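Thanks for coming. Please have the sequence and the model open while I talk.

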Amino acid sequence: MNAPTGKIDAFLSIENLTVEYPLSRKAKVHAVTDFTAHVRRGETLGLVGESGCGKSSAARAVMQLPRPTRGSVRLDGKELTGLKGRELQAARRRFQMIFQDPIASLNPRQTIRDIVAAPLEIAGIGTRAEHAARVAEMLDLVGINPDQAMERRPHEFSGGQCQRISIARALILKPELLVCDEAVSALDVSVQAQVLNLLERLKGEFGLTMLFISHDLAVVKHVSDRVAVMYLGKLCELAPAETIYRHPVHPYTRTLLAAVPEPDPEALRDRVELIPGELPSPVNPPSGCPFRTRCPYATERCAAEVPEIREIAPGHTIACHHPLLN
Amino acid sequence: MGETILEVTNQRTAFATGRGLLQAVDGVSFTLERGKILGVVGESGSGKSVLSRSIMRLLPGTAVTGPGSRVVLNGQDLMQMSEGELRRLRGPQMAIVFQDPMTALNPVLTIGKQISEVLTFHLKMGKRDARRKAVELLRAVGLPQPDVRVDQYPHQLSGGMRQRVAIAIAIACEPDLLIADEPTTALDVTVQAEILDLLQRMVRERNMAMVLITHDMGVVAGRCDEVAVMYAGRIVEKAPVTELFRNTAMPYTAALFASIPRVTDPPHRKLDAIEGRPPDLINPPPGCPFAPRCRFAEEACRRTVPELEGTATHQWACIKPLNREVAA
């Protein structure tokens, strides 16, 4: 079952991660199934796929929010899935998360000072005066003027500014792993560029390892060293960013990339025609390969046999019976 | 050349707020011919959605339309029309597809009923004919199993399917003008591509005119004949799509292009972000609205608001346009 992922010296190891949500006594949503990926220290792994592919569920399972149904998540060799209560809280200082909706993820009734200081408060680090100094330092780092911002509340800030505040909060404990779940998706392009540049800069300054989830393939390519593509809860393809964008091998990856509207009127559009239809339900995923119902290359084997994850080139793994190699 | 369908002249739309008048659309003019797609791009707050509602005359009561504003559709001045007259126009002559396919449909009516309603009201079709036509329309927009889906409710359909239904309703009476306001923003990329293909095909096949409103430069690049870039309620640049991308004149347009992450870029390239934020439309800065964020701005830019100028096909609102030494 274990994937030959070219055993790298992983800081974050996700192995056979499975997330299921019960619907009734019999039925359940198979949100993530046997997802395996390893992330080196200081590296950014991008996680892409369309809505319902399980990328957010996978990210939350890494955060133990909630803990996965099965599988293992190890951070720097320490298993996170078994941790409880105080132990988990202590471990959480090392991994933090930024969410999609910049405004909803900040408590509207708290001041920016209290919001950004909350992790220190929870971890029981420092005095109130020390907190204020740290908060000011963090706000400054993300490009928010602390003198003007500290005593104000989230509604007084724009989406981009709120996302900067979320970043300040996520980084105040100096975590080692930062999980970004659609962190720039709600922002306008000009503001998105500012926040992406900020994340890239802070990644260097804090020596962060990142798990970056987005539906936007251009954004993911921009920040990632390696990229994993998911479909219906399963890994399709994982490779270095340049490789996967230049030579996608899984039919789904190719479809996804061809659908990206390129800001260039003369760009050639080599579309892979999908079999018309809808994303199958994660309650009753198809047998064999999950993509087979829409894949133009699917054969009987794809229905009968779950494609094993295999390595086709160093660091390039796929789960497909009919990869597009040429 | 072609037959002019839509003529918008000096459209100004403002909203009364607690802090004062917010000028959402500030003097927009353009014309659109049959068979053409005009892309309107801009960031949030640039006025593109208010513009679309101003054309459809679907503004809330708090909206204030400027005295010189004119919208002429097929030679009829919409400003002079009563609500009843407008209602008879919406559907057969102009229609709109909204961003959110979840809220644009009525949750307690079957989709067949929602399409038939348009047909019975405008085309005076009988129930049975309307239903037959509804199935036909659902097939035309690529909804799988149209004869089953016609009796289903919106919650039984996915987002992409709902958007197809919204398009079926919009084209039911074969309008001359279709306004698509961020029609694919809520959808996944593969579905987005299919919906945009569909809209493009409808415009060509039915010889309609379309205004495609989007924040995504990638969407306009592949789908439009002409593009208008909006900033702070104004059109700041307008040109045929290739000309706009290849021969950009307005610094804002150029800055917007530079800030887009592209799949063709190598990883970790630093983006040329535009610093600052769009202006406050209640108290706009003097002069060019982009001047406070523009790296080429000089004193003169902060004094007067630049008018759209340029050639017959390519216009910009900038006194220091890029790459224009020769043209000037």
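First, the ground rules. This is a predicted model, in which local features need pLDDT of at least 70, side-chain atom pairs count only at pLDDT 80 or more, and totals for chains, interfaces and linings use all residues. Residues are numbered from 1 along each chain as its sequence is written, chains are lettered from A and ligands numbered from 1 in the order in which they are written, and side-chain values use heavy atoms, with hydrogens and water left out.

Now the sheets. Helices (H or I, at least four residues) and strands (E, at least two) are DSSP runs, numbered from the N terminus. Two strands pair if DSSP finds at least two bridges between them.

In chain A there is an open sheet of 8 strands, and its order is β6-β7-β8-β3-β9-β10-β12-β11, with mixed pairing. At the edges are β6 (95–98) and β11 (310–313) of chain A, each pairing on one side only. From one strand to the next the twist averages 20°; for angles, axes are lines fitted to C-alpha atoms, for helices over the stretch in contact, and the values run from 0 to 180 degrees between N-to-C directions.

Helix α7 of chain A, residues 189–206, packs on this sheet and touches β3 (44–48), β6, β7 (177–181) and β8 (209–214) of chain A. Contact here means heavy atoms within 4.5 Å. The direction of α7 makes about 160° with that of β8(A).

Let us stay with β7(A). Is it buried or exposed? Buried means under 20% relative accessible area, exposed over 50%, and partly exposed in between, with a 1.4 Å probe and protein chains only. In β7(A), 5 of the 5 residues are buried, so the strand is largely enclosed by the rest of the structure. In a regular strand, side chains alternate between the two faces of the sheet. Here A:L177, A:V179 and A:D181 point one way, while A:L178 and A:C180 point the other way.

What are the neighbours of β7(A)? With β6(A) it pairs in the parallel sense over 4 bridges, and A:F95 has A:L177 as its bridge partner. With β8(A) the pairing is also parallel, over 5 bridges, and A:D181 stands opposite A:I213.

Further along the sheet, β10 (residues 234–240) and β12 (residues 316–318) of chain A pair in the antiparallel sense over 2 bridges.

One residue of β3 in chain A is A:V48, which is buried with a relative accessible area of 1%. Leaving aside neighbours within four places in sequence, A:V48 has contacts that include A:C53, A:S214 and A:V229.

Chain A also has an open sheet of 4 strands, in the order β2-β1-β4-β5, with antiparallel pairing. β2 (28–40) and β5 (78–79) of chain A each have a single partner strand, so one side of each is left without a neighbour in the sheet. β1 (residues 10–22) and β2 of chain A pair over 9 bridges, with A:L12 opposite A:V39. Helix α1 (residues 55–62) of chain A packs on this sheet, touching β1, β2 and β4 (70–75) of chain A, and its direction makes about 115° with that of β1(A).

Next, helix α3 of chain A, residues 112–123. Its buried residues include A:I112, A:V116 and A:L120. The buried residues of α3(A) pack against α4 (128–141), α5 (146–149) and α6 (159–171) of chain A. Just after the helix, A:G124 takes a positive phi of about 70°.

Last, the rings. Rings of Phe, Tyr and Trp (its six-membered ring) pair if their centres lie within 6.5 Å; planes under 30 degrees apart count as stacked, over 60 as edge-to-face and the rest as tilted. By this rule there are 7 aromatic pairs over all chains. For B:Y231 and B:F290, the ring centres are 5.3 Å apart and the planes at 85°, so the pair is edge-to-face. These two residues are 59 residues apart, with B:Y231 in strand β10 (residues 226–231) of chain B and B:F290 in the loop between α10 (251–259) and β12 (309–310) of chain B. Both B:Y231 and B:F290 are buried. B:Y252 and B:F290 have ring centres 5.1 Å apart and planes at 65°, so this pair is edge-to-face too.

That is the end of my part.
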